[in-house]
Amino acid sequence: MNWADVETRFFDNLRQRTRALGLSLRALSLKMGRNEFYIATLLKGGSRLRVDTLLELAEALETDPMALLWGETGDGDKLGVLQSPSQNHTNRK
């Protein structure tokens, strides 16, 4: 799985969760304290996701951040695909 697949899944999960809660863009932006235009751009996949934004979204959508990334199952076993090669090596001094 590559990063584009992760992004696609995330944005699909984000839109699905927003619809499930019946939240409008305005309601979600107010819950997050963010600009409505930013939320619209994010929902369309037109903005890069930052970790702090993921956490804010999960809180506003009353879900776990991993559920947004991997779906309702929150399959934590897939997290290893996001590790960079440098994270797999020990630091050498």
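Axes here are lines fitted to C-alpha atoms, for helices over the stretch in contact, and angles run from 0 to 180 degrees between N-to-C directions. Helices (H or I, at least four residues) and strands (E, at least two) are DSSP runs, numbered from the N terminus. The model is predicted: local features need pLDDT of at least 70, side-chain atom pairs count only at pLDDT 80 or more, and totals for chains, interfaces and linings use all residues. Residues are numbered from 1 along each chain as its sequence is written, and side-chain values use heavy atoms, with hydrogens and water left out.

**Whole chain**

Of its 93 residues, 32% count as buried (under 20% relative accessible area; exposed is over 50% and partly exposed in between, with a 1.4 Å probe and protein chains only). Contact means heavy atoms within 4.5 Å. Among contacts between residues at least 6 apart in sequence, 56% join residues at least 24 apart.

**Colour by confidence**

Next, colour by pLDDT, the predictor's confidence in each residue, from 0 to 100. The mean for the protein is 76, and 76% of the residues reach 70 or more.

**Helices α2 and α4**

Select residues 25-32 (α2) and residues 51-60 (α4): their axes come within 9 Å and cross at roughly 115°. The pair is therefore roughly perpendicular (65 to 115 degrees; under 35 is roughly parallel, over 145 roughly antiparallel, and the rest oblique). The crossing of α2 past α4 is right-handed, a term for the near helix being turned clockwise from the far one by less than a right angle, left-handed being anticlockwise.

Show the side chains at this contact: Leu 28, Lys 31 and Met 32 from α2 meet Thr 53, Glu 56, Leu 57 and Ala 60 from α4. These residues divide into four nonpolar, one polar and two charged (Ala, Val, Leu, Ile, Met, Phe, Trp, Tyr, Cys and Pro count as nonpolar, Asp, Glu, Lys and Arg as charged, and the others, Gly among them, as polar).

**Glu 56**

Finally, centre the view on Glu 56 in helix α4. Glu 56 is partly exposed, with a relative accessible area of 27%. Not counting residues up to four places away in sequence, Glu 56 touches Met 32 and Arg 34. Glu 56 and Met 32 are 24 residues apart in sequence and 6.4 Å apart in space, C-alpha to C-alpha.
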